[in-house]
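Good morning. Please have a look at the sequence and the fold on the screen, and then I will go through a few points.

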Amino acid sequence: MSGKYISYSTSFNTLQLATTFANEDVIAASFYNATTPVIITGATSGVQAEVIGFKAGTSTTQPTLYLKYIKTGSDFVTATFSDSENIS
């Protein structure tokens, strides 16, 4: 294989999403793209993370994103999303 690389990491963070937002179901897969990295940003903290995977929610569990944090917040100190923070 030329130009193809596979990476493996056991170091990642998780983010549990609300099951619904604005009366719409939250679909974890919509935050993930295997070929083009999806970057999410905290609305209040400014923290940024790359979504590296996801787990769909069920009737008893919330949807989950697997993350690699890539940028501290607007204050240059905060390293993770705040509890209940909106992301985009």
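Does Ser45 count as buried or exposed? Keep in mind that this is a predicted model. The relative accessibility of Ser45 is 9%. Buried means under 20%, so Ser45 counts as buried. As for its place in the chain, Ser45 sits in the loop between strand 4 and strand 5. Leaving out residues up to four places away in sequence, Ser45 touches Gly73, Ser74, Thr78, Phe81, Ser82 and Glu85.

Now to the strands on either side of that loop. Strand 5 covers residues 48-55, and strand 4 pairs with strand 5 in the antiparallel sense, over four bridges. Within this pairing, Val38 stands opposite Val51 of strand 5.

Thr14 is a residue of strand 1. Which residues is Thr14 in contact with, leaving aside its neighbours within four places in sequence? They are Thr64, Leu65 and Tyr66. Thr14 and Tyr66 lie 52 residues apart in sequence, yet their C-alpha atoms are 4.6 Å apart in space.

Next, the pockets. Rolling a probe the size of a water molecule over the atoms shows where empty space is left. The largest pocket has a volume of about 300 Å³. Its lining consists of 14 residues, and nearest the centre are Leu17, Ala18, Glu85, Asn86 and Ile87. Strand 1 and strand 2, residues 20-21, are the elements that give two or more residues to this lining. By class, the lining of the largest pocket has eight nonpolar residues, five polar and one charged.

Which residues line the second largest pocket? They are Tyr32, Asn33, Ala34, Thr35, Thr36, Pro37, Glu50, Val51 and Ile52. Five of them are nonpolar, three are polar and one is charged. Val51, the residue opposite Val38, is part of this lining too.

Methods
Residues numbered from 1 in each chain as written. Predicted model: local features only at pLDDT ≥ 70, side-chain atom pairs only at ≥ 80, totals over all residues. Heavy atoms only, no water. Pairing = 2+ DSSP bridges. 1 Å grid on protein atoms, 1.4 Å probe; cavity = no way out; pocket = protein on both sides within 12 Å on 5 of 7 lines; lining within 4 Å. Points joined across faces, edges and corners; volume = space filled by probe spheres on them. Nonpolar A, V, L, I, M, F, W, Y, C, P; charged D, E, K, R; others polar. Buried < 20%, exposed > 50% of the residue type's maximum accessible area, 1.4 Å probe, protein only. Contact = heavy atoms within 4.5 Å.
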